[in-house]
Amino acid sequence: MPGPVFLLMPQWQGSSSSRAMRIVDGANALRGDLPASALHEVAVPLEAGDSLGTPALRLSSLLRARASAFEVLRSLVSPAITLGGDSASSLPGLEHAMERHGAERVAVLWCDAHADFQHPSTSPSGAVSPMALRTAMGDGVSELHFASPLPASLVALLGTRQVDEDEQHELDTRGISPVGHIEPELPDRLGERLRAMGATHLYVHIGLDVLDPSEITGVHSPVPFGLTLAQLTSAIAEAVSVLPLAGAAICEFAPASPEEAADDIPTVLRLLSALTSGTAKHGRAA
């Protein structure tokens with residue numbers, strides 16, 4: 001059975017960073033390490049875009065990129081791993097996975113230093129990436145809402161450690177809590193959490209700042225006390241052994257130089273290896 005395919009989506013307009021366009025450099029750096037036969041490119045506008053009268057920064061460009069991503073996703077049979085974009089680039093792949101398998105059947109493992117649970121009414125930046133997970137759950141900018149919102153009962157946070165007061169209140173209200181990341185218990189604990197959800201498929205979001213700053217350089221906002229690469233890859237490998245992969249995204253690769261990109265690309269490739277490690281067990285998760 002064929003494994004996942006790769007979507008290169010250099011979307012930067014959802015980022016809150018003043019250096020957001022480094023994400024495009026990260027996508028270009030990754031291109032040469034992805035198999036050409038399994039690579040699909042998503043057209044992303046070059047311009048920043050307009051908020052369209054909403055609280056969401058650069059919304060017009062995000063909507064155009066979303067439409068381009070859906071055009072590619074709906075032509076595919078294999079699950080897709082999106083790379084090269086900000087955290088909001090995870091949303092089309094997640095929505096597509098939920099459309100294909102059912103909104104009540106896709107568990108979501110959100111690996112990110114940030115909860116991405118801000119709301120347009122309280123967001124300090126108006127950027128969509130810090131609102132991405134909450135948007136998927138139907139609470140945010142209506143133009144980006146899914147046809148069926150993601151249920152809170154199907155969400156597991158991993159490596160989340162920078163959460164503002166409003167986000168924490170909302171997470172507590174919805175009963176969403178991080179999976180503790182103490183080795184060697186992490187894979188077993190995560191596997192138990194996913195099995196208890198009763199899902200049939202899995203979507204994995206990886207914001208690269210989930211890793212400790214000692215593990216990766218090319219991110220906009222490094223946060224101390226993150227996961228090691230070994231912790232993250234072992235957790236992902238366990239997750240995809242429990243549930244077949246319906247889709248994934250590796251986001252926020254923003255190297256400051258070609259040299260920095262070259263140093264970090266092996267880390268990204270190890271994460272891709274972990275994401276695809278369940279293919280032999282489950283076959284094609286279509």
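The model is predicted, so local features need pLDDT of at least 70 and side-chain atom pairs count only at pLDDT 80 or more, while totals for chains, interfaces and linings use all residues. Residues are numbered from 1 along each chain as its sequence is written, and side-chain values use heavy atoms, with hydrogens and water left out.

**Sheet and helices**

Eight strands make up an open sheet with parallel pairing, in the order 2-1-3-8-7-4-5-6. Strand 2 (39–41) and strand 6 (178–179) are the edge strands, each pairing on one side only. Helices (H or I, at least four residues) and strands (E, at least two) are DSSP runs numbered from the N terminus; two strands pair if DSSP finds at least two bridges between them. Strand 4 (residues 106–111) and strand 5 (residues 155–158) run parallel and are joined by four bridges. Leu109 has Ala156 in strand 5 as its bridge partner.

| Helix | Lies across | Angle |
|---|---|---|
| Helix 3 (residues 90–101) | strand 4, strand 7 (201–207), strand 8 (245–251) | about 175° to strand 7 |
| Helix 8 (residues 258–275) | strand 1 (5–8), strand 3 (80–85), strand 7, strand 8 | about 170° to strand 8 |

**Pocket**

By class, the lining of the largest pocket has four nonpolar, eleven polar and six charged residues. Ala, Val, Leu, Ile, Met, Phe, Trp, Tyr, Cys and Pro count as nonpolar, Asp, Glu, Lys and Arg as charged, and the others, Gly among them, as polar.

**Asp139**

Leaving out residues up to four places away in sequence, Asp139 touches His119, Arg134, His145, Glu170 and Arg174.

Terms used
Contact means heavy atoms within 4.5 Å. Axes are lines fitted to C-alpha atoms, for helices over the stretch in contact, and angles run from 0 to 180 degrees between N-to-C directions.
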